[in-house]
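Q: Hi! Could you walk me through this one while I have it open?
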Amino acid sequence: QRLSIPNFLRGTGWSSAADPLEVTGAPQLVSVISFGHADDCSLAVRLMDAWRTVLSLSNMPESIDASLAGPLGASVPQSLFGLTGHIAGHARLSGGGAAMVQVSDCGASHLRQLHVVGKGGRLVVDDVNYQLFDVQGNVTDQSTEIDAKPRRFIDLVVEDWQQSIRLPKAATPLELEVEQSALACCLASLLSARTGEPESPAKLIEMQKV
C-alpha cells in the first residue's frame, strides 16, 4: 500500500491556473473530490491531500462534520491508517464560507477535482486541466490541454517525483504549518466519524501542545 500521493497543488492543472482567485474572489465554497483504488494509496493519504488542498485556499476550519461509509460499516477505526471506504466531510469556515471533501479508496479509477466558488465566478481544476468561469458562466481562462486524457495514477507519481528531483527545496515554515493543520483536519474527520458530532481541528492541535 502506498503511503504517498502526488501533491495536487504541484500538478499540471493547478500550476497552470494563473491567479484564478483574482476572478472568483475570496472562496465562499471549496469542494475537493479524490477517488481511487486502495492499491494506489490509502484513504488516509487521500484525505490528507484533500485537506491540504482546502487549506491552501482557506484558514483552519472552525469545525468538521464527517461520516464514513463502505466495507467497515458502522465500525470506525481509531487510527487514520485503519480507514477504508468512503469518507465525506463538511467544514465550517470562518467568515461564513464552507468546504467539502469527498474521498474514497474504493472509487475505481483515479480522479481528483477541485471546485472553488466565489462572488466573481467559479474555478474547476483536475490533475491536468483547469477552467475558470465568470459569474455569467463564460469561460474566461482554461488550460491548453482541456481535452487531454486523465492521467493514470502511476503517471502522476512519476511526474511528481521528476518535479521533486528537478526542483528540490526544503519545506517552508508556512508549508509545515499547513501540513500540521491538514493532519489536524484528518484527525477531526476521523473523530467526527466516530462521535457523530462536529469536531474542531484547532482544539486537537491545542490538546497536542498540553
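**Strands, helices and cores**

A: Happy to. Let's start with a hairpin: strand 6 and strand 7 form one, with three residues between them. Keep in mind that this is a predicted model.

Q: How do strand 6 and strand 7 pair, and over how many bridges?
A: Strand 6 (residues 121–126) and strand 7 (residues 130–134) are antiparallel, with five bridges. Within that pairing, Arg-122 faces Phe-133 of strand 7, and Val-124 has Gln-131 as its bridge partner in strand 7.

Q: And what links strand 5 to strand 6?
A: Six bridges, again in an antiparallel arrangement. Those two strands also make a hairpin, with two residues between them. If you want a pair to click on, Leu-114 has Val-125 of strand 6 as its bridge partner.

Q: OK, zooming out. What's the whole secondary structure count?
A: The protein chain has six helices and eight strands. Reading from the N terminus, the order is α-α-β-α-β-β-β-β-β-β-β-α-α-α.

Q: What order do the strands take in the sheet?
A: It is an open sheet of eight strands, ordered 2-3-4-1-5-6-7-8, and the pairing is mixed.

Q: Which strands stand at the edges?
A: Strand 2 (63–69) and strand 8 (139–142). Each has a single partner strand, so one side of each has no neighbour in the sheet.

Q: How much are neighbouring strands turned against each other?
A: By 10° on average, ignoring direction.

Q: What does helix 3 touch on the sheet?
A: Helix 3 packs on the sheet against strand 1 (29–37), strand 2, strand 3 (86–92), strand 4 (98–104) and strand 5 (106–118). The direction of helix 3 makes about 160° with that of strand 4.

Q: And helix 5?
A: Helix 5 also packs on the sheet, where it touches strand 2 and strand 3. The angle between the directions of helix 5 and strand 2 is about 60°.

Q: Back to helix 3. How many of its residues are buried?
A: 13 of the 13, so helix 3 is largely enclosed by the rest of the structure. Helix 3 covers residues 43–55 and reaches 18 Å from its first C-alpha to its last, close to the 18 Å expected at 1.5 Å a residue.

Q: Which residues have the most contacts inside the largest nonpolar core?
A: Leu-47, Trp-51, Val-101 and Leu-114, in a core of 38 residues. Helix 3 gives the most to this core, with eight residues. As background, nonpolar side chains in soluble globular proteins tend to be buried together.

Q: What does Val-101 touch?
A: Setting aside residues up to four places away in sequence, Val-101 touches Val-32, Leu-47, Ala-50, Trp-51, Val-54, Ile-87, Ala-88 and Gly-89. Apart from the core of 38 residues lies another core of five residues, including Cys-41, Val-45, Phe-153 and Val-157.

Q: New topic: how does the span of helix 5 compare with what it should be?
A: They agree: its 23 residues should span 33 Å at 1.5 Å a residue, and the end C-alpha atoms are 33 Å apart. Just after helix 5, Gly-196 takes a positive phi of about 75°.

Q: Which residues of helix 5 are buried?
A: Ser-181, Ala-182, Ala-184, Cys-185, Cys-186, Ala-188, Ser-189, Leu-190, Ser-192 and Ala-193.

Q: Why does Ser-181 count as buried?
A: Because its relative accessible area is 11%, and the cut-off for buried is under 20%. Beyond its neighbours within four places in sequence, Ser-181 is in contact with Leu-55, Met-60 and Ile-205.

Q: Is Val-23 buried, partly exposed or exposed?
A: Val-23 is partly exposed, with a relative accessible area of 31%. You'll find Val-23 in helix 2 (residues 21–24).

Q: What's around Val-23?
A: Not counting residues up to four places away in sequence, Val-23 touches Gly-120, Gly-121, Leu-132, Phe-133 and Thr-140.

Q: Last one: how much of the protein chain is buried?
A: Of its 210 residues, 43% count as buried. The protein chain exposes about 11,000 Å², with carbon and sulfur atoms supplying 55% of that.

Note on methods:
Residues numbered from 1 in each chain as written. Predicted model: local features only at pLDDT ≥ 70, side-chain atom pairs only at ≥ 80, totals over all residues. Heavy atoms only, no water. Helix = DSSP H or I, 4+ residues; strand = E, 2+ residues; numbered from the N terminus. Buried < 20%, exposed > 50% of the residue type's maximum accessible area, 1.4 Å probe, protein only. Areas by Shrake-Rupley, 256 points an atom, 1.4 Å probe, with all protein chains shown as cover. Contact = heavy atoms within 4.5 Å. Expected span 1.5 Å × (residues − 1). Core = buried A, V, L, I, M, F, W, Y, C linked by side-chain atoms within 4.5 Å. Pairing = 2+ DSSP bridges. Axes fitted to C-alpha atoms, helices over the stretch in contact; angles between N-to-C directions.
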